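This report is an introduction for someone meeting the structure for the first time. It begins with the overall fold and then turns to charged side chains.

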Amino acid sequence: MPKKVELIRFFKGNLPIGMANKEPDLTIIEIAYNVGINIPSNCTSGTCGTCLVRLKKGIIDYPEDLPPGLDDFLVEEGGFLPCCMTPKGECEIDIIPPL
């Protein structure tokens, strides 16, 4: 039986801007970059928070200890840092942060 393709869909607000296959071992920012979607970033380690985006649907693999660029309030609002986090399946991601 063929393996199911899991898609990561990217939005800017409600406007679809692209999609890509979930790839093991790639962060969401790398997946976005591979299909021409630019998410601003700086540190690539979760420290600065520059790449903050919002999860619309799906599950993200959050680390047990949140990186310095993220806090519990932002997580409750769907915020995550795509530079250091990976999807756990199909996801919909709004590149506009939850502010």
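## Fold and charged pairs

The protein chain, seen here in a predicted model, is built from two helices and seven strands. Followed along the sequence, these elements come in the pattern β-β-α-β-β-α-β-β-β.

On overall dimensions, the C-alpha trace of the protein chain spans about 40 × 30 × 25 Å along its principal axes. A compact globule of 99 residues would have a radius of gyration near 13 Å, and because the protein chain has 13 Å, the value agrees with that expectation. Of these 99 residues, 39% count as buried, while the accessible surface of the protein chain comes to about 6,100 Å², with 51% of that area belonging to carbon and sulfur atoms. When contacts between residues at least 6 apart in sequence are considered, 60% of them join residues that are at least 24 apart.

The protein chain carries 9 positive and 14 negative side chains, and the centres of these two sets lie 10 Å apart. How many salt bridges does a search of the whole structure find? The search finds two, and they are set out in the table below.

| Salt bridge | Distance, N to O |
|---|---|
| Glu 6 and Lys 22 | 3.7 Å |
| Asp 94 and Arg 54 | 3.1 Å |

In one of these salt bridges, the side chain of Glu 6 meets that of Lys 22. Glu 6 belongs to the segment before strand S1 (7–12), and Lys 22 to the loop between strand S2 (15–21) and helix H1 (28–34), so the pair ties together parts that are 16 residues apart in sequence. Glu 6 counts as partly exposed because its relative accessibility is 28%, and Lys 22, with a relative accessible area of 26%, is partly exposed as well.

In the other salt bridge, the side chains of Asp 94 and Arg 54 meet. Asp 94 lies in strand S7 (residues 91–94) and Arg 54 in strand S3 (residues 53–57), so this pair ties together parts that are 40 residues apart in sequence. Is Asp 94 buried or exposed? At 3% relative accessibility, Asp 94 counts as buried, because buried means under 20% relative accessible area. Arg 54, by contrast, is partly exposed, with a relative accessible area of 26%.

Key
Residues numbered from 1 in each chain as written. Predicted model: local features only at pLDDT ≥ 70, side-chain atom pairs only at ≥ 80, totals over all residues. Heavy atoms only, no water. Helix = DSSP H or I, 4+ residues; strand = E, 2+ residues; numbered from the N terminus. Rg over C-alpha atoms; globule rule 2.2 N^0.38 Å. Buried < 20%, exposed > 50% of the residue type's maximum accessible area, 1.4 Å probe, protein only. Contact = heavy atoms within 4.5 Å. Areas by Shrake-Rupley, 256 points an atom, 1.4 Å probe, with all protein chains shown as cover. Lys, Arg positive; Asp, Glu negative; His and termini not counted. Charge placed at Lys NZ, Arg CZ, Asp CG, Glu CD. Salt bridge = Lys/Arg side-chain N within 4 Å of Asp/Glu carboxyl O.
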